[in-house]
Amino acid sequence: MEEKTNVCRLLDQKKIKYIQHFYDSNEALSGTEVAAVLNQDPAKVFKTLVTVSKTGKNYVFVIPVECGLDLKKAAKAVGEKAVTMLPSKELLPLTGYIHGGCSPIGMKKFFPTTFHRTAADYDTIMFSAGKIGYQIEMPLCSLDKIIRYKTADIVAD
């Protein structure tokens, strides 16, 4: 079961250190359940959400698993009037990932990416390694070597 995902291979190519975590996908479905199964603080376990703007541009938002994305704050963070969640059926063809296994690293194409500002508060954060049952843990600043991103307040109060 413990194989390397494309995300891990990309990180290995860039010589970026990370820790892989595995869980039984029958035990955990929601991000909060993933955090519990892995005995992690849910505030430092993040989920990856893909949106689309009225102009047709896609944006990636990475937020703590216990939070909801505030679409107005998210739109403002990327300079759009509005964004909506990408329909699930469009996720795989657009990103190469399925719902529940979407990672901000290694999508078919790079999209502007925004992490919730709290990601910078932790030594390491966890997010999907690109496959259900696989998570990676690493410092947010290490992502500088592989993707461009910014941080902003993008979660619902």
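My notes below go from the overall fold to the helix H1.

**Entry 1: the whole chain**

I noted at the outset that this is a predicted model. I looked up the secondary structure and found four helices and eight strands in the protein. Reading from the N terminus, I wrote the order down as α-β-α-β-β-α-β-α-β-β-β-β.

Next I checked the overall size. The protein has a radius of gyration of 14 Å, which agrees with the value near 15 Å that a compact globule of 157 residues would have. Along the principal axes, I got a box of roughly 40 × 30 × 30 Å for the C-alpha atoms.

**Entry 2: inside and outside**

I asked what share of the 157 residues counts as buried, and the figure is 47%. For contacts between residues at least 6 apart in sequence, I found that 60% join residues at least 24 apart.

**Entry 3: helix H1**

I then turned to H1, which covers residues 6–13. Which residues of H1 are buried? I listed Val-7, Cys-8 and Leu-11. Seen down the helix axis, these buried residues fall within an arc of 95°, so they line one face of H1. I jotted down a reminder that an α-helix has 3.6 residues a turn, so residues three or four places apart point the same way.

What covers that buried face? I found that the cover includes strand E1 (19–22) and strand E7 (134–138). On the other side of H1, I marked Asn-6 and Gln-13 as exposed.

**Entry 4: Asp-12 and the end of the helix**

I picked out Asp-12, which sits in H1. Is Asp-12 buried, exposed or partly exposed? Its relative accessible area is 34%, so I put Asp-12 down as partly exposed; the partly exposed class lies between the buried limit of under 20% and the exposed limit of over 50%.

I looked up the partners of Asp-12 as well, leaving aside neighbours within four places in sequence, and found contacts with Lys-4 and Tyr-18.

Last, I followed the backbone just past H1, where Lys-15 takes a positive phi of about 60°.

How values were computed: Residues numbered from 1 in each chain as written. Predicted model: local features only at pLDDT ≥ 70, side-chain atom pairs only at ≥ 80, totals over all residues. Heavy atoms only, no water. Helix = DSSP H or I, 4+ residues; strand = E, 2+ residues; numbered from the N terminus. Rg over C-alpha atoms; globule rule 2.2 N^0.38 Å. Buried < 20%, exposed > 50% of the residue type's maximum accessible area, 1.4 Å probe, protein only. Contact = heavy atoms within 4.5 Å. Arc of directions from axis to C-beta.
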